[in-house]
Amino acid sequence: MGISVNFLRKAGVLAIAAVAVHSAPALANTVITGARMLDVLTGKMVDNPAIFVDDNGRITSIADARTVKWGGDVTHIDLGDKTLLPGLIDMHVHLDGPADIGGYRGLEFTDSFWGMTAVGAAKSMLDAGFTTVRNVGSGDRNDVGLKQAIDNGYAVGPRIVPASYALGATGGHCDSTFLPPSLEKDGKEEGIGDSPDELRYQVRRQRKYGAEVIKVCATGGVFSRNTEPGQQQLSEEHLRVIADEAHQWGIRVAAHAHGGDGIKAAIKAGIDTIEHASLVDDEGIKLAATRTRPVWFSMDIYNTEYTQAEGAKNGVLEDNLRKDREVAQIQRDNFRKAHKAGVRMVFGSDAGVMPHSEIGKQFRVMVEYGMTPLEAIQAATRNSAQALDREKDIGAIAVGRYADIIAVDGNPLSDVRELESVDAVVKGGKRIR
């Protein structure tokens, strides 16, 4: 055992403290070091971390790099004079939706095109520091297939929590609403149901084919046709059937809900996360803040900056841009109100509406509308892991969890915009190049 000497000044007297230098843990084959590390569970910054990782990609111990040593058989990922944070989590993404293709421009491409674009989108999100994403709805089960490709080494991307097809009512936001009847498929679209039994079947069907979360559209939407964001599209009874069935199978439910009545119905029905929550009223905020079973708000309060600037050029219809304009500022103001009232909040960007590489820009807006930098970071780490029921795996740099770690130059607690440009990404103890 070696000895390191620290010189300490106390009450004007020079003291000497001996600090033991220990060997690396026997189970570790990788050690990750940096100048400092944010512990999102305590909110404290830790200097000189040495994070030891086993061959399963999980953290075995965390020590002071000045007090430990490791041999040449341990791979050293030295991230230098940077701040380390847990890999970020985005709870609302669409990997198979390129942001620069809007409206009827989507008809230019063949069916398999969208799944091909998802591969690049996933890598963009990983490069942006998001090591876990929840994909809330995709066509052709592209999110399930991409998850399988990443998990088996055929593609590079974040950990994906897939929803497969989103559930909804005929003619609602999650249905196909852009085409005339002559061009529609015979019968209902995948995921669509108009009775409790049909919706219960759709929960079972999506889970059967790989969904790890159920997405349901409780209200109209911004980027669908012939729906308004405030319209409630499924009753509380329908939403309760979906929630109860999903919870019976051990999976959680996300409800797309802009309108106040739809939000309250979803909360009362036992839905786990409310997506967008744009037009929530005071009663809905109180319901969310005081609910015995936790409910989380996922509010995408950045992307309107992109959609208003680039949407028309991308082919987005004016009616959709009109709805986007009408909702945007109300949603931001309600974000502030919900946070102040103590509603549990997670990070959700709606990436796909905006480019996947730009999602780090949302942190700035979250801080502008009431959060501290630490709270915004916790929304994308600790809180999102709780909402996913995956605290044993992700959401913090902690023993037992995956070594999903990002690095930035400065201190994000002083300037949260550091997260707009991530300098290094480690997933499962492996550095992503």
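C217 is buried, with a relative accessible area of 0%. C217 is one end of a disulfide whose other end is C174, with an S to S distance of 1.8 Å. The model is predicted, and the values below are computed from it.

**Disulfide**

- The structure holds one disulfide.
- The disulfide between C174 and C217 links distant parts of the chain: C174 sits in the loop between β13 and α3, C217 sits in strand β14, and the two are 43 residues apart.
- While C217 is buried at 0% relative accessible area, C174 is partly exposed at 21%.

**Salt bridges**

- The structure holds 35 salt bridges.
- R36 and D81 form a salt bridge through their side chains, at 3.1 Å from N to O.
- This pair connects distant parts of the chain, with R36 in strand β4 (residues 36–39) and D81 in the loop between β9 (75–78) and β10 (83–86), 45 residues apart.
- R36 is partly exposed, at 21% relative accessible area, whereas D81 counts as exposed at 58%.
- R390 and E212 form another salt bridge, with their closest N and O atoms 2.9 Å apart.
- These two also come from distant parts of the chain: R390 is in the loop between α11 (382–388) and β19 (405–408), E212 is in the loop between α3 (196–208) and β14 (213–217), and 178 residues separate them.
- R390 counts as partly exposed at 26% relative accessibility, and E212 counts as partly exposed at 24%.
- The side chains of R240 and E236 also meet in a salt bridge, at 2.6 Å from N to O.
- R240 and E236 are about one helical turn apart because they are four residues apart in helix α4 (residues 236–248).
- R240 is partly exposed, with a relative accessible area of 32%, and E236 counts as partly exposed at 27%.
- Salt bridges with shared partners join K147, D151, E212 and R390 into one network.

**Nonpolar cores**

- The largest nonpolar core has 80 residues, and I274 and F297 have the most contacts inside it.
- Both domain 1 (28–86 + 400–431) and domain 2 (88–358) contribute at least three residues to this core.
- Apart from this core lies another one, of 14 residues, with M37, L84, I405 and A424 among them.
- Leaving out residues up to four places away in sequence, F297 touches I263, I267, I274, A277, V280, G284, A288, A338, V343, R344, M345 and V346.

**Domains**

- The domain assignment gives domain 1 as 28–86 + 400–431 and domain 2 as 88–358.
- The C-alpha centres of domain 1 and domain 2 lie 32 Å apart.
- Nine residues of domain 1 are in contact with 11 residues of domain 2.

**Site around F178**

- F178 is partly exposed, with a relative accessible area of 23%.
- Not counting residues up to four places away in sequence, F178 touches Y104, F223, S224, R225, L317 and N320.
- F178 and N226 are 48 residues apart in sequence, and their C-alpha atoms are 8.4 Å apart in space.

**Site around S138**

- S138 lies in the loop between β12 (130–135) and α2 (142–151).
- S138 is classed as buried because its relative accessible area is 7%, under the 20% cut-off for buried residues.
- A polar atom of the S138 side chain lies 3.4 Å from the backbone nitrogen of N142.
- With residues up to four places away in sequence left out, S138 touches D96, D143, S164 and Y165.

Terms used. Residues numbered from 1 in each chain as written. Predicted model: local features only at pLDDT ≥ 70, side-chain atom pairs only at ≥ 80, totals over all residues. Heavy atoms only, no water. Core = buried A, V, L, I, M, F, W, Y, C linked by side-chain atoms within 4.5 Å. Buried < 20%, exposed > 50% of the residue type's maximum accessible area, 1.4 Å probe, protein only. Domains from an automatic or database assignment. Contact = heavy atoms within 4.5 Å. Salt bridge = Lys/Arg side-chain N within 4 Å of Asp/Glu carboxyl O. Disulfide = S-S within 2.5 Å. Polar contact = N/O pair within 3.5 Å; in protein donor to acceptor, adjacent residues only side chain to side chain.
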